[in-house]
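Colleague: I would like to learn how to read a model of this kind. Could we take it one feature at a time?

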Amino acid sequence: MTETRINIMDPQPAPVQPAAVDETPKVVYASVTERFVALLIDYGVIFIPGQFIGLAILKILGPYAQMWQIAAVLVGINALFVLYEAIFSCGDRVTLGKALVGIAVVKQDLSGPVSFPRAFMRAVGYYISGALLMCGFLFAFFDDRHRALHDFLGGSVVVQIRQKAWWERLLVRLLGTLLLVGFVWVMYQQCLGGGSVVQQYYVNQAKAQLQNVALLEEAHYARYGYYTNDLLRLSLLSGDPVQFQRDTQKVLSPKGFRIGVQKDSYKIMAYAKDTNKTPVYFSNK
């Protein structure tokens, strides 16, 4: 038998260690479309019921609603949205929209969830971005972690908290793209097309006042047998001519108000007191 001897003075090769496996989970930042879909869901959670409540309040106030009352309703709805976003973006909580999409807000160094003050500042940042003609949201298209202006203000990033199947990712992208296009169109209509809630409120109030004038025209015809283009004469039939004049001046521009009268028909024309001076009409034919 051959004897194998080992010289302990000779250096021996070090044992080969298995390569270390990095078990740290990879962080995936939420895409722009994912964030947009989640934001619109959260927006709807607050603003859809809030709009119905606000319109109900304005309907109760009727034509006597003051501008500060309209502003108070709008401020209240927006304040509720800020609180909702702040409360459900801090700690280990997520908003409904983010839960459905599978994303969450965390600190920008990924050390944990953001605090309430940070989340509150982040929520206010939505409105700062909006005041900058939505330019604050454009940051997300160019930042490597898809951070918008409100993320920088809140010291946060938005990350994915669950893996998605390929069809789910595709669905979110398609839905986000369609919603983004729709949002841009709505914003165009709101800002440039005269379709805002406040502007539409003034137009509706103007139309309602024309209907009141039309009722007085019918009352005048029933009493005297003809229609008249004399607004003062019509106001006397209202029972409170001073209040009638106030209501008319409140919602209708004094310039451009006309009543065209024929034998058996009439047409009332005026301009609403919105920023676009929208023309309104009423005719019994």
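Predicted model: local features only at pLDDT ≥ 70, side-chain atom pairs only at ≥ 80, totals over all residues.

Colleague: How many helices and strands does the protein chain have?

Modeller: The protein chain has ten helices and five strands. Of its 285 residues, 35% count as buried. The chain exposes about 18,200 Å², and carbon and sulfur atoms supply 64% of that area. Among contacts with a separation of 6 or more, 63% are between residues 24 or more positions apart.

Colleague: What is the order of the strands in the open sheet, and what is the pairing?

Modeller: In general, strands of a sheet pair through backbone hydrogen bonds, and the pairing is either parallel or antiparallel. Here the open sheet has three strands in the order β3-β4-β5, with antiparallel pairing. The edge strands, each pairing on one side only, are β3 (258–261) and β5 (279–283). From one strand to the next the twist averages 15°.

Colleague: Over how many bridges do β4 and β5 pair?

Modeller: Strand β4, residues 266–271, pairs with β5 over five bridges in the antiparallel sense. For a residue-level view, look at Ala270, which stands opposite Val280 in β5.

Colleague: Which residues touch the most other members of the largest nonpolar core?

Modeller: The general idea is that nonpolar side chains tend to be buried together in soluble globular proteins. In this model the largest nonpolar core has 19 residues, and Leu210, Val213, Leu252, Phe257, Ile268 and Val280 touch the most other members. At least two residues each come from α8 (197–224), α9 (231–237), α10 and β4. The largest share, six residues, is supplied by α8. There is also a second, separate core of twelve residues, including Val101, Ile103, Val105 and Val114.

Colleague: What does Phe257 touch, leaving out residues up to four places away in sequence?

Modeller: With those left out, Phe257 touches Leu210, Leu231, Leu252, Ile268, Met269 and Ala270.

Colleague: Where is Val251 placed, and why does it count as buried or exposed?

Modeller: Val251 is in helix α10, residues 241–251. Its relative accessible area is 6%, so Val251 counts as buried, the cut-off being under 20%.

Colleague: Which residues are in contact with Val251, apart from neighbours within four places in sequence?

Modeller: Apart from those neighbours, Val251 is in contact with Gln205, Ala206, Gln209, Tyr271, Ala272 and Lys273.

How values were computed:
Residues numbered from 1 in each chain as written. Heavy atoms only, no water. Pairing = 2+ DSSP bridges. Helix = DSSP H or I, 4+ residues; strand = E, 2+ residues; numbered from the N terminus. Axes fitted to C-alpha atoms, helices over the stretch in contact; angles between N-to-C directions. Buried < 20%, exposed > 50% of the residue type's maximum accessible area, 1.4 Å probe, protein only. Contact = heavy atoms within 4.5 Å. Areas by Shrake-Rupley, 256 points an atom, 1.4 Å probe, with all protein chains shown as cover. Core = buried A, V, L, I, M, F, W, Y, C linked by side-chain atoms within 4.5 Å.
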